[in-house]
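Q: I have a model open and would like to learn how to read its features one by one. Could you walk me through it?

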Number of protein chains: 2
Amino acid sequence: MQLAIIGTIAFDTLKTPFGARADCLGGTATYASTAAAFFTKPGIVSVVGSDFPQEHVRYLESKADLAGLQRAKAKTFRWSGEYAYDMNEAKTLDTQLNALLEFSGAVPEAFRSAPFVFLGNTAPALQLRALKQFDAPRFVLLDTMNHWIENERDALLKAIAAVDGFICNEWEARQLFDTPNLVQAAKAAQKLGPSLVIIKKGEHGALVFHEGVFAAPGYPLETVVDPTGSGDTFAGGLMGFLASVGAPAPKAVRQGVVYGSILASYNAEGFGLERLRTVTGADVTARYAAFQKLVEF
Amino acid sequence: MQLAIIGTIAFDTLKTPFGARADCLGGTATYASTAAAFFTKPGIVSVVGSDFPQEHVRYLESKADLAGLQRAKAKTFRWSGEYAYDMNEAKTLDTQLNALLEFSGAVPEAFRSAPFVFLGNTAPALQLRALKQFDAPRFVLLDTMNHWIENERDALLKAIAAVDGFICNEWEARQLFDTPNLVQAAKAAQKLGPSLVIIKKGEHGALVFHEGVFAAPGYPLETVVDPTGSGDTFAGGLMGFLASVGAPAPKAVRQGVVYGSILASYNAEGFGLERLRTVTGADVTARYAAFQKLVEF
């Protein structure tokens, strides 16, 4: 296995100006592995509860190796969020950690030699505990969120120092490094250790700092139905592509970022996984060509 | 003359986290003509007051034809603004219209055959009055601001319908067309008439709708000292380039947008005109190459 993904599996209840859905299959590992599976079959390290239906297990099995999927006694983690008119950020309405409280982060024997590891957003201590179980990964990407910046800052900085790539959104970058300037924030992050720093800017794309700067555009969507999971889809697409290429060379990173952006843009066109799970290789190829036209001058 | 610029000339008093300056030479026509002069010598249609010093006249004469510069009895237009920590938008502290109240918008005979016209942000009725004096311009670009969207909406929509290109920032686009989605806003603008719609997104670059979409990145600056005039610099650079090329073909528009972005990025590196007026052709060429590296994948 080339890529291990450590992250949540959730039931999401979503509300946007375009409608609502209850109890969708979601979570970091779900979105990231769906995206990564376009390029490689990843392994998932995650936890689900006693209420997790076989139908969802079958879906995840079609995308990933589930040897690292822990079964908890509690119910599956639940998240509920609502997007306002501008679709920029979800307002969390409810979080029920449930099974996450039992999550050991144990990496199965068969995953430990994976050269690529994605540490999805969770407690920095748990990210480090998972990371230590890998033999000698070639490239580790770590994601985080404002909650850990505010409550586990020191642990988070330690975790960032232990990885090769750090990804967060623009507001998190500004908050973590106490500067409004994204170039300064990225340089501060690189000083901690990672050679790759990706700052996601939602509809405005991403800034990628890695031997020079790559300004990845956002794909101009006329209709954004539900952005839930787009960040994880982006990271999963990038890591899946890198794992399939085998090395995180600068050019591969840029191409992987574009693939991640493409999958994230499709993901936002439907509720939950509805659109992403129907995307074909031909769709990805078509939008890759569109991205090239989008930036040429 | 290939390009006429209709816009204000001002004394700006600026405050940013990096310092302050009083009574800088500023205004739309000043920034736009300084940028355009990299490619062509534009003509300025504007107004200054009785207090406007000869030193500033000499500066503007070095960039533009001043046959359309009206001298008012009142003092020169004054604007005072302050930028907070994030440098995103100026808070206007004071506006003294002064000479602007006497501005006739009269276009001198020698300017009327100009094929390219930039109608800088001002009252839509005045923009239309100025436009009607031109013989048959090949390409007219119109800028606006939230004030006119809120107070002169119908007149503004009429003015937009009369031009070839419309430029505004992302918040103005959302406000004017009552949608959070920039693609929808651009389509609505194009429906009114303009074949070119440019939505400026500050540090995130610009979206350019014109036979396809061009996502121009913002140049990742580590230090933004003062963004005053960057929008006018962008438009002036674009229009100067198009005027020098002679036709607004899609490829020329994209290249002009990049030149405008380059000049705007230099402009933000210093207070008022301080940095922009020292930029050389070699600086522009260097950053053009950097823009190419910024987007290649």
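Q: How exposed is Glu269(A)?
A: The general idea is to sort residues by relative accessible area: buried is under 20%, exposed is over 50%, and partly exposed lies in between (1.4 Å probe, protein chains only). Glu269(A) has a relative accessible area of 25%, so it is partly exposed. Please keep in mind that this is a predicted model, where local features need pLDDT of at least 70, side-chain atom pairs count only at pLDDT 80 or more, and totals for chains, interfaces and linings use all residues. Residues are numbered from 1 along each chain as its sequence is written, chains are lettered from A and ligands numbered from 1 in the order in which they are written, and side-chain values use heavy atoms, with hydrogens and water left out.

Q: Which side chain meets Glu269(A) in a salt bridge?
A: A salt bridge here is a side-chain nitrogen of Lys or Arg within 4 Å of a carboxyl oxygen of Asp or Glu. Glu269(A) pairs in this way with Arg275(A), at 3.4 Å from N to O. Arg275(A) is partly exposed too, with a relative accessible area of 23%. In chain B, Glu269(B) and Arg275(B) belong to a salt-bridge network that also links Asp283(B) and Arg287(B).

Q: How many salt bridges does the structure hold over all chains?
A: There are 18. One of them joins Arg112(A) to Glu109(A), with the closest N and O atoms 3.4 Å apart. Arg112(A) is partly exposed at 27% relative accessibility, while Glu109(A) is exposed at 63%.

Q: Which residue of chain A forms a salt bridge with Lys187(B)?
A: That is Glu222(A), and the closest N and O atoms are 2.7 Å apart. This pair crosses between chains: Lys187(B) sits in helix α7 (residues 182-192) of chain B, and Glu222(A) in the loop between β13 (213-216) and α8 (230-245) of chain A. Such elements are DSSP runs numbered from the N terminus, with helices (H or I) of at least four residues and strands (E) of at least two. Both partners are partly exposed, Lys187(B) at 44% relative accessibility and Glu222(A) at 33%.

Q: Is Thr28(A) buried or exposed?
A: Thr28(A) is buried, at 6% relative accessibility. You will find it in helix α1 (residues 28-36) of chain A. A contact means heavy atoms within 4.5 Å. Leaving aside residues up to four places away in sequence, Thr28(A) touches Gly7(A), Thr8(A), Phe118(A), Gly120(A) and Asp232(A).

Q: Where is Glu211(B) found?
A: Look in the loop between β12 (206-209) and β13 (213-216) of chain B. Glu211(B) is exposed, with a relative accessible area of 65%. Its C-alpha atom is separated by 9.7 Å from that of Ala249(B), 38 residues apart along the chain.

Q: How many helices and strands does chain A have?
A: Chain A has 10 helices and 13 strands. Its radius of gyration is 18 Å, close to the 19 Å that the globule rule gives for 297 residues, so chain A is as compact as a globular protein of that length. The radius is taken over C-alpha atoms, and the rule is 2.2 Å times the number of residues to the power 0.38. Of the 297 residues, 58% count as buried. Among contacts between residues at least 6 apart in sequence, 63% join residues at least 24 apart.
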